[in-house]
Amino acid sequence: MNNKKFLAAVVGLGLVTLSACGSSDEGSKSESKTVTLVSHNSWAVSKSVLAAFEKESGYKVKVLEDGDAGQAVNKAILTKDNPQGDVFFGVDNTLLSRALDNGLFQSYEAKGAGTIKAGYRVDGDKVTPIDTGDICLNYDKAWFTEHKLKPPTSYDDLIKPAYKNLLVTENASTSSPGLGFLLGTAAKYGDDGWQDYWTKLKANGVKVVDGWEQAYNEEFSGSAGGKKAKADRPLVVSYASSPPAEVIYADPKPSTAPTGVVDGTCFRQVEYAGLLNNAKNSEGGKALLDFLLTKKFQEDMPLNMFVYPVVEGAAVPAEFTQYGPAAKDPETMDPAKIADNRDDWVKSWTSLVLK
Amino acid sequence: MAVPVAFFALFFAWPVAAIVARGLKADGSWQFGRIADVLAQSDIRHVLWFTTWQALASTALTLAVALPGAYVFARYDFPGKQILRAVVTVPFVLPTVVVGTAFLALVGRGGLLDELWGVRLDTTVWAILLAHVFFNYAVVVRTVGGLWGQLDPRQEEAARMLGASSWRAWRKVTLPALAPAVAAAALMVFLFTFTSFGVVQILGGPTFSTLEVEIYRQTSEIFDLGTAAVLTLVQFVAVGGILAVHAWTVRRRESVLRLVAPGTTARRPRRVGQWALLAGVLVTIAVLLVLPLAVLVQRSLDAPDFGYYRALTSADGGVFLVPPIEAIGNSLEYAVAATAIAVLIGGLAAAALTRRDAGRFVRGFDALLMLPLGVSAVTVGFGFLIALDEPPLDLRASWILVPLAQALVGVPFVVRTMLPVLRAVDQRLREAAAVLGASPWRVWREVDLPLVRRALLIAAGFAFAVSLGEFGATVFIARPDNPTLPVAVARLLGRAGDLNYGQAMALSTILMVVCAVALLVLERLRTDRTGEF
């Protein structure tokens, strides 16, 4: 049937043209003038800030968001011989060693590395810390007032009978706040003590759901979604920046946040960026990394990604200090220790809590 | 034939093979021992067992709930029937990320069941089963009901005249005619529930895991590509088996049946029993299908003066660089491109499959085209990344990747819609035209096209709706400056704050309305034989 051959030719041509259009997006511009940032889907920046960088440096920035944090790292590792971009942003301390062990990055010390606060500097120059965030218990203020109960203040409180059946957390094997909470308890109670703690937590009625969205929007009584869903858990594992978000994304804005942070239950996440091996535009990538440490970007970051800056002297927006000050003394853990133990811990956590 | 084969080889078989190979190959040699290792793990065997039995249970429950619906839609006339038929199809094309949330409002705390009887089903297997009924109701109604409406009722009446009891007449006459359609529908539901992802993830909580969820976890979170590859192969074999049986039942169904135009067999219900049946079906639809959708709408309106909808038009620079409302435009553009690809590829495949000299190989290709419905999006997505990474096919950063991935899911629907219609075209018409001197192109234009135009439109419409709702593959490759509707919804749900949640509900409602309108238009285009979707 000749008509089919004809159609085949048309389709073939069509596909080729379509794909040609697709790749000409970047092909037509000079390669060296475009710098590509690969990140996870929480990446956000103000248009004007990015435009200022493009104007000053002469580079055009292309952003490629590659799924959630874990996915983005895994995809970057899969494509490391022929990377999708020049700079990767968004590998955190829980996944850092997976990225480093797989040789994802090449050395580059960003300009401004000297201004990074002492606690966040890293050995070597493969990655640059860009932001921090705290994974903390959030509580529903109205619920605790109504029930005349004081909100918990520490991990220890959570296993007391008064707080039975109040907490919802995330699956540590599929959710990064879930993993952060587990690591927080491991940092607090040590390699031997955390399992015992979780046994008690389970006995005290902790509920585990798969992701942050379900925990926060469906189960947590203090969130906008939770209120509509008549949620009944007034304690949730979320971020220190969630209470400010509840104010900023409300219309009209309330005078105080409806939720609060339990200060004694925080685990600090640090997010890093690095210059990808085999980057096609490594000069542009370097300029972009420098830009991520500028005060301009660091001060723009908090209200876009709900994280905290890492360089000295970068101002934190008033909403943050007012509605959800950063945790005073969060738990931390060395990325190397996380790397050594993560899989084993998650495995024993799973059989301990979920089975 | 060459084009669809090339398309599938390039955009499906190759990427999937590449990622499976990456998982099973270490230091240059194949590690087939991994297969036995993985399957020996008790966790994995538990996943396999759960995947199978929940799919069986979901299929049985869906048939039990939806078969009366199929009968009512086929045989009864009632006001609003067309609209309702579109409405019950909406869940099927909506992304689970949207509806899972709303479905919780039905079976979760404070939901209808909770208010009435204090029953909460969230994170139980019942929530999963009911959600599977919700999503697959339309598959049964459209597949079985479509055929049921075309069975000549006079055959059953004749049996009655000859003295058969009504039960016996139904069992001996209607049931055998219907059985292949029921089997085909059951197999499709089994396929969709066997590979269920979003429903199990959102409603099942962390204790339930299907093969598909496990593949996602191993690939995306644990980064154990070896285990993921083994599981992908297992799923491949299972899905291949299901599809082979499905292709066989479909061929049996397309054999000898005396069919009449669908409109002629439906009449108004008469006796009390018939009214009761109709009422029962309508109540089921209202509670199980419409209510979760209504919850979405209600939550989207939960701010004064359509506040959430108005918020969609402003760019906050936070979650998006562009106002979320632009996601609608993006979605429509992608869906149009995906539909064009799906119709071309699917149309060509269907044409090749109808050729009289189509051999065993070509008929096998029929089932092969359905495979993308049963292979996990994460596998395809990761496969795209490592397979399509070199010029001239470095498509990883190209916008065309999204419509391509969506078309993969759309093609099976096009093929299934076009095939029965094309097979019904009398070959002699084509031959006559050719004898009279028409060029092949002209034969196609003058003979085939007028006959299949409506089916083509329906196929296009369905591919369009499916593309709009496609989430799994799109979320992997959509670019931040132009997110699709489902991607935008997922991103809004990933943020704390009233306005984000409300906007997610508003966008979901818009997506739902767009899908419903597309499906409603299709209802008006229904032809006598429009395949099983």
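A residue counts as buried with under 20% relative accessible area, as exposed with over 50%, and as partly exposed in between (1.4 Å probe, protein chains only). The structure here is a predicted model, where local features need pLDDT of at least 70, side-chain atom pairs count only at pLDDT 80 or more, and totals for chains, interfaces and linings use all residues. Residues are numbered from 1 along each chain as its sequence is written, chains are lettered from A and ligands numbered from 1 in the order in which they are written, and side-chain values use heavy atoms, with hydrogens and water left out.

Salt bridges come up first. With a salt bridge taken as a side-chain nitrogen of Lys or Arg within 4 Å of a carboxyl oxygen of Asp or Glu, the count over all chains is 14. One of them pairs Asp191(A) with Lys337(A), at 3.3 Å from N to O. This pair links distant parts of the chain, with Asp191(A) in helix α6 (residues 176–203) and Lys337(A) in helix α13 (residues 335–354) of chain A, 146 residues apart. Helices like these are DSSP runs (H or I, at least four residues), as are strands (E, at least two), and both are numbered from the N terminus. Asp191(A) is partly exposed, since its relative accessibility is 39%, and Lys337(A), at 34%, is partly exposed too.

Another bridge in chain A brings Asp290(A) and Lys111(A) together at 3.7 Å, N to O. Asp290(A) sits in helix α10 (residues 282–292) and Lys111(A) in the loop between β4 (105–106) and β5, so this bridge ties together parts that are 179 residues apart in sequence. Here Asp290(A) is buried, at 12% relative accessibility, whereas Lys111(A) is exposed, at 62% relative accessible area.

Over in chain B, Arg217(B) and Glu214(B) form a salt bridge of 3.2 Å, N to O. Because they are three residues apart in helix α11 (residues 211–222) of chain B, about one helical turn separates them. Both Arg217(B) and Glu214(B) are buried.

Next, the cysteines. A disulfide is a covalent bond between the sulfur atoms of two cysteines. Using a cut-off of 2.5 Å between the sulfur atoms, a search of the whole structure turns up one disulfide over all chains. The partners are Cys136(A) and Cys266(A), with sulfur atoms 2.0 Å apart. Cys136(A) belongs to strand β5 (residues 128–140) and Cys266(A) to strand β9 (residues 259–276) of chain A, so to speak distant parts of the chain, 130 residues apart. Both cysteines, Cys136(A) and Cys266(A), are buried.
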